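Dear colleague,

Please find below the sequence and the structure that I am handing over to you. My notes on what was found follow directly after.

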Amino acid sequence: MDLSYSDDEKAFREDVRAFLAEKLPTALSDKVRDGVELNKADMDQWHSILNDQGWLAQNWPKSFGGAEWNAVQRHIWEEEAAAHNAPRIVPFGLSMLAPVLQKFGSKEQQDHWLPRILTGEDWWCQGYSEPGAGSDLASLKTTAVRDGDHYVVNGQKTWTTLGQFANMIFCLVRTDKDVKQQEGISFLLIDMDTPGIEVRPIILLDGVHEVNEVWFTDVRVPVENLVGEENKGWTYAKYLLTHERTNIAGVGFSQAGLASVKRIARAEMAGDKPLMQNPHFAARVAQVEMDLMAMSTTNLRIISQAAAGGAPGVEASMLKVKGTIIRQEINDLARRAAGVYAMPFASEAMEGSNEALPDPNSAGPVAAQYFNNRKLSIFGGSNEIQRGIIAKVTMSGGA
Amino acid sequence: MNFDLTEERQMLQDTLRRFLRDKYDTQTRNTILDSATGLSTEIWEGLAELGVIGALFSEDQGGFGGAGFDVAVVFEELGRAGVVEPMLDTAVLGGGLIANLGDDAQRALIEKLIGGALHLAFAHAEPTNRYDLNRVQTSAAADGNTITLNGRKAVVVNAEAANVLVVSARESGAIRDTDGISLFLVPSDTKGLTVQGYPLLAGGRAAEVTLDNVQLPTSARLGPAGKAYLAIEARVAAANVALNAETLGAMETATALTKDYLMTRKQFGRPIGTFQALAHRFSDMLIEMEQARSAVINAAGHLEAPRDTREIHVSAAKNLMGRAGRLVAEESIQMHGGIAMTQEYELAHIAKRIVMADHRFGDTDHHLERFIALSAA
């Protein structure tokens with residue numbers, strides 16, 4: 001048992017810090033720190049800076065042009081990136097679709113699509129959830145019917161994150177209705193400019209346009225955009241979901257969030273003292289900080305196993321549940337800390353306007369973030385689904 | 001013991017519930033939320049016509065209610081419908097202070113208010129006082145027949161719509177002294193008064209109010225000089241009864257929507273409410289809501305009690321509502337899933353009302369500490 005990082009890992013951390021100090025634009029880190037919504041140009045700019053460094057595709061093998069970082073390196077990156085208020089890397093192309101293409105795609109598909117992800121030529125979004133298929137994803141109803149050299153797609157996807165920016169969508173579609181649900185699903189790559197596709201915004205409860213509905217009416221998709229074999233899409237989808245879970249614990253986000261709570265609570269006065277010195281508030285902060293310290297080590301234990309070749313199974317579900325509980329608790333502390341100044345609706349701030357809202361403790365849109373991050377325990381397999389997995393796997397004695 | 005509503009209050013509840021059910025759906029409210037004023041004059045006048053404002057004042061004040069249970073009945077219905085119109089600010093706070101403290105000339109405003117033709121705001125909180133009612137830095141200096149106000153007031157709800165602001169200011173004493181605080185009626189067009197408005201996350205609008213050498217005649221003072229603190233505390237107690245009842249009403253809507261959703265939404269071939277993991281959590285919501293209902297009854301029933309008894313119940317209720325409200329809001333969203341995160345769905349607004357109530361007149365921790373202090377006294 002040794003809790004210290006190796007010399008190589010320490011050197012890696014220094015490299016990451018130096019890079020972030022030098023290359024992360026202040027305009028971007030200020031936005032992230034203040035909870036201001038990033039636009040497409042912001043995200044493209046950050047991706048481009050990372051790509052120039054060779055650090056955009058962190059999890060890709062070197063043979064595909066990736067950095068091929070191991071799990072500990074990725075963990076160090078996530079800690080440092082969050083501490084420096086770096087924008088998150090948009091995951092849809094890089095860490096969701098790419099691993100599927102690398103494992104199941106044809107050589108032609110790999111050669112065509114992967115470089116375009118790195119350059120930003122393609123912006124991908126995810127077509128999984130449907131109005132009737134959320135937690136029960138395999139019940140999806142969007143159909144793809146073969147017609148010559150094309151599939152004809154009809155149906156509706158929903159909760160499509162950043163779909164308004166995307167030119168490509170990877171979709172789970174039903175290609176066989178007469179078999180067991182999981183056995184009739186295929187994985188299709190669809191150009192968003194194809195006639196018959198309509199993207200409709202969904203405005204979330206904090207007023208933000210982050211997710212969309214995507215409607216398909218007789219959308220013709222070339223058969224070469226089928227990934228792997230027809231009706232094997234569920235296998236690829238499950239493979240993708242395991243990759244969606246890297247950084248599932250969100251340790252870096254929680255650490256940055258906790259630092260932000262303390263900053264607000266040191267500025268906010270409660271009586272004659274800063275709120276941070278109020279015993280009840282300090283106790284709330286301390287409790288979540290102790291939880292985070294332990295979870296951070298849980299995360300590292302699992303990561304070390306993965307780095308040594310072990311596959312995280314039920315542990316990933318545990319990290320999702322605990323990680324989101326902690327992040328949401330930190331969001332709750334931030335809104336508490338802001339006091340009456342949590343009440344103003346900071347929509348202007350979130351859209352990047354210069355009109356400053358009243359805010360003596362510089363808390364920013366903490367209440368909006370509290371509500372927005374209720375999504376953390378809902379998406380990517382709700383916490384109820386994760387608990388079901390933990391119990392099912394553990395009680396049956398294996399996956 | 002009798003926990004039934006009186007016939008009058010039952011009628012008021014029925015009428016108000018029917019009015020809001022007919023007039024105040026999600027789409028109507030979203031239009032109001034997007035509007036420049038953040039409130040509907042039509043709804044406001046409708047509420048006045050129904051006697052809703054009058055129900056918040058006693059007979060000798062020109063109304064026909066005014067007791068804790070009148071306040072609770074009205075606000076539970078406003079909360080159930082997620083109403084964003086500033087009944088709390090205009091009637092309970094502004095109107096209540098004038099009715100309790102005003103001279104004959106000042107109390108003449110109440111008739112207009114009950115008729116729906118006057119808006120008020122209570123400008124008390126300041127940028128660094130968090131939830132302390134006694135911490136007042138805004139100054140009032142009397143010189144002959146003129147009083148001059150200077151200072152800044154924070155997150156003054158309904159300040160833009162208000163025809164008159166009820167402003168607290170210190171005439172004497174140190175920053176935390178309860179003694180030395182006075183109230184003043186400041187018409188919205190007074191020179192030196194600046195109102196910088198913005199929307200609120202849970203609906204309605206507020207403003208930062210700056211008083212820069214605002215000059216008032218002595219007749220603008222509401223009640224005796226320097227002795228307003230206890231009256232403010234008593235009115236904030238009424239405001240907390242109102243806010244707690246409103247939160248209870250919102251929690252009832254949240255649980256009703258969740259129940260419907262659990263019974264109609266199917267995943268894995270069955271209604272999700274048949275999964276025990278969700279069914280038990282729904283039951284916990286109902287259990288906490290009954291606790292909340294009793295806390296509201298306790299606070300409303302002791303609003304006319306002596307100060308210490310009243311305040312213990314106010315703090316107990318506000319602390320419990322903060323805890324139960326958070327549970328109901330978060331669990332309702334979680335059990336709905338994504339749909340509850342969308343602006344179009346009723347629960348999104350209702351959940352915001354519930355959680356953001358924790359940010360007015362003292363949050364869960366503030367009232368925990370206050371309860372401990374009051375219990376020890």
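**The surroundings of G273(B)**

Apart from its neighbours within four places in sequence, G273(B) is in contact with L262(B), M263(B), L278(B), A279(B) and F282(B), a contact being a pair of residues whose C-beta atoms, placed from the backbone, lie within 7 Å. The model is a predicted one, in which local features need pLDDT of at least 70 and side-chain atom pairs count only at pLDDT 80 or more, whereas totals for chains, interfaces and linings use all residues. Residues are numbered from 1 along each chain as its sequence is written, and chains are lettered from A and ligands numbered from 1 in the order in which they are written.

G273(B) lies in the loop between strand 10 (270–271) and helix 8 (276–301) of chain B. Helices (H or I, at least four residues) and strands (E, at least two) are DSSP runs, numbered from the N terminus. The residue has 19 C-beta neighbours inside 10 Å and therefore counts as partly exposed. On this scale a residue is buried if 20 or more other C-beta atoms lie within 10 Å of its own, exposed if 12 or fewer, and partly exposed in between, with C-beta atoms placed from the backbone. Between G273(B) and D260(B) there are 9.2 Å in space, C-alpha to C-alpha, and the two are 13 residues apart in sequence.

**Chain B as a whole**

Chain B contains eleven helices and ten strands. Its radius of gyration is 21 Å, close to the 21 Å that the globule rule gives for 377 residues, so chain B is as compact as a globular protein of that length. The radius is taken over C-alpha atoms, and the rule is 2.2 Å times the number of residues to the power 0.38. Along the principal axes, the C-alpha atoms of chain B fill a box of roughly 80 × 45 × 40 Å. Of the 377 residues in chain B, 53% are buried. Among contacts in chain B with a separation of 6 or more, 74% are between residues 24 or more positions apart.

Helix 1 (residues 7–23) of chain B has 17 residues and reaches 24 Å from its first C-alpha to its last, close to the 24 Å expected at 1.5 Å a residue; the expected span is 1.5 Å times one less than the number of residues. The buried residues of helix 1 of chain B are L12(B), L16(B) and L20(B). Seen down the helix axis, they fall within an arc of 50°, so they line one face of helix 1 of chain B; the arc is that of the directions from the axis to the C-beta atoms. These buried residues pack against helix 3 (41–50) and helix 4 (68–80) of chain B. The face turned away from the buried side of helix 1 of chain B carries the exposed residues E7(B), Q10(B), D14(B), R18(B), R21(B) and D22(B).

**The nonpolar cores**

A nonpolar core is a set of buried Ala, Val, Leu, Ile, Met, Phe, Trp, Tyr and Cys residues joined through C-beta atoms within 7 Å. The largest has 163 residues, of which V71(B) and F184(B) touch the most other members. Helix 7 (residues 229–264) of chain B gives the largest share of this core, 13 residues. Leaving aside neighbours within four places in sequence, the contacts of V71(B) include L56(B), V92(B), A238(B) and V241(B). A second, separate core of 48 residues includes L137(A), Y151(A), F187(A) and V221(A).

**Chain A and the interface**

Chain A has 13 helices and ten strands, and 45% of its 399 residues are buried. In helix 10 of chain A, 23 of the 25 residues are buried, so this helix is largely enclosed by the rest of the structure. G339(A), with a positive phi near 60°, follows helix 10 of chain A.

At the interface, 33 residues of chain B are in contact with 35 residues of chain A. Elements of chain B that each supply at least two residues of this side include strand 3 (146–157), helix 9 (307–336) and helix 11 (364–376).

**Two backbone angles to inspect**

E68(A) has a positive phi of about 50° although it is not a glycine, and E68(A) lies in the loop between helix 3 (40–53) and helix 4 (71–83) of chain A. N213(B), also not a glycine, has a positive phi of about 50° and is found in strand 7 of chain B.

With kind regards

Definitions and conventions
Contact = placed C-beta atoms within 7 Å.
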